[in-house]
Amino acid sequence: MQKFIILLFIGLMVSTAVQAKKQSKGGDPIVVSPESLDRSVMSYVEANVLATMYHELAHALIDGLSLPIFSREEDAADTFVVVITDHFFDAEQAEQLTWASADQYARDAEEAEKKGRELAVWDTHSLDLQRYYNLICLYYGGDVDARDDFADENGLPHDRARTCEEERALADASWGAVLDDIKRTQAGPDWIILDEDVDTLGNSYVLAAQAVIRQEVARLNERFDPEFEIKVVIENCNEENAFYSPGEGKITMCNELSRSYVHD
Ligand SMILES: [Zn+2]
């Protein structure tokens, strides 16, 4: 009987964690909020577009500044997303952005499982659910007292939570130093050039996502000034993707990827 109660309790805990991951924050969009669009859908699209852009920006910085990276570059780029998010946004906005970005990984993992896809353990990226927990952990580690509920709501196990503050301190020391080094101190030419295709796949959220990218490029140009130039290209790619091309110093943000973040 006692065993049964314990098993029931464990089962409840697992289902609570899964439910917590799906809980919608329904926050307001941070950068762009067209009246005609659903605000919480837009907020989700915006958060994911920004997180993706920051991830690609990390690749551009690693390349442009020849930064030493002692582990997988993809993990370093994911870490950068959390550091710059806290750098740019207040706690409420940063939480929404982190949650939406992590939630997309949880969705991707769920979809892959449904389709019976094998886990890509060979991939350069961490597995979707690892990326989910890494994001939650690093964000939580930025302020463990204030973000305790966030960690709980999103199912971060105590075994991992214990090291998040240290993990985050290392992330801040590493990426924070890079951001300090490239901080703009005087007016000058833009280091990011935007190249937009006019097509929006006939989707209002894609159009709004393009505005998010445009405004973010302006903000990055205003705040930072590294001694190299990159291009951000928004275009149709026939795939849901975003990537950095080292030879060309170019970040490509695909309209299809922005559209994939639209969940009703
Ligand atoms: Zn990457």
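Colleague: Leaving out residues up to four places away in sequence, which residues does Ile136 touch?

Modeller: Ile136 touches Ala102, Ala151, Asn154 and Leu156. Two residues are in contact if their C-beta atoms, placed from the backbone, lie within 7 Å. Bear in mind that this is a predicted model: local features need pLDDT of at least 70, side-chain atom pairs count only at pLDDT 80 or more, and totals for chains, interfaces and linings use all residues. Residues are numbered from 1 along each chain as its sequence is written.

Colleague: What is the mean pLDDT of the protein?

Modeller: pLDDT is the predictor's confidence in each residue, from 0 to 100. The mean here is 91, and 90% of the residues reach 70 or more. Over residues 1–24, though, the pLDDT is below 50, and this stretch has ten contacts in the model beyond near neighbours in sequence. Where pLDDT is low, the predicted coordinates should not be read in detail.

Colleague: Which members of the largest nonpolar core touch the most other members?

Modeller: Those are Tyr54, Phe80, Ile136 and Ile213, in a core of 60 residues. Such a core is a set of buried Ala, Val, Leu, Ile, Met, Phe, Trp, Tyr and Cys residues joined through C-beta atoms within 7 Å. α2 gives the most to this core, with 13 residues.

Colleague: Why is this core said to lie between domain 1 (66–181) and domain 2 (192–260)?

Modeller: Both domains give residues to the core, so it lies between them. The bounds come from an automatic or database domain assignment.

Colleague: How do you know whether α2 is largely enclosed by the rest of the structure?

Modeller: A residue is buried if 20 or more other C-beta atoms lie within 10 Å of its own, exposed if 12 or fewer, and partly exposed in between, with C-beta atoms placed from the backbone. In α2, 20 of the 26 residues are buried, so the helix is largely enclosed.

Colleague: What makes Glu240 count as partly exposed?

Modeller: Glu240 has 13 C-beta neighbours inside 10 Å, so it counts as partly exposed. Glu240 sits in the loop between β2 and β3 (242–245). Leaving aside neighbours within four places in sequence, Glu240 is in contact with Cys254, Glu256, Leu257 and Ser260.

Key
Helices (H or I, at least four residues) and strands (E, at least two) are DSSP runs, numbered from the N terminus.
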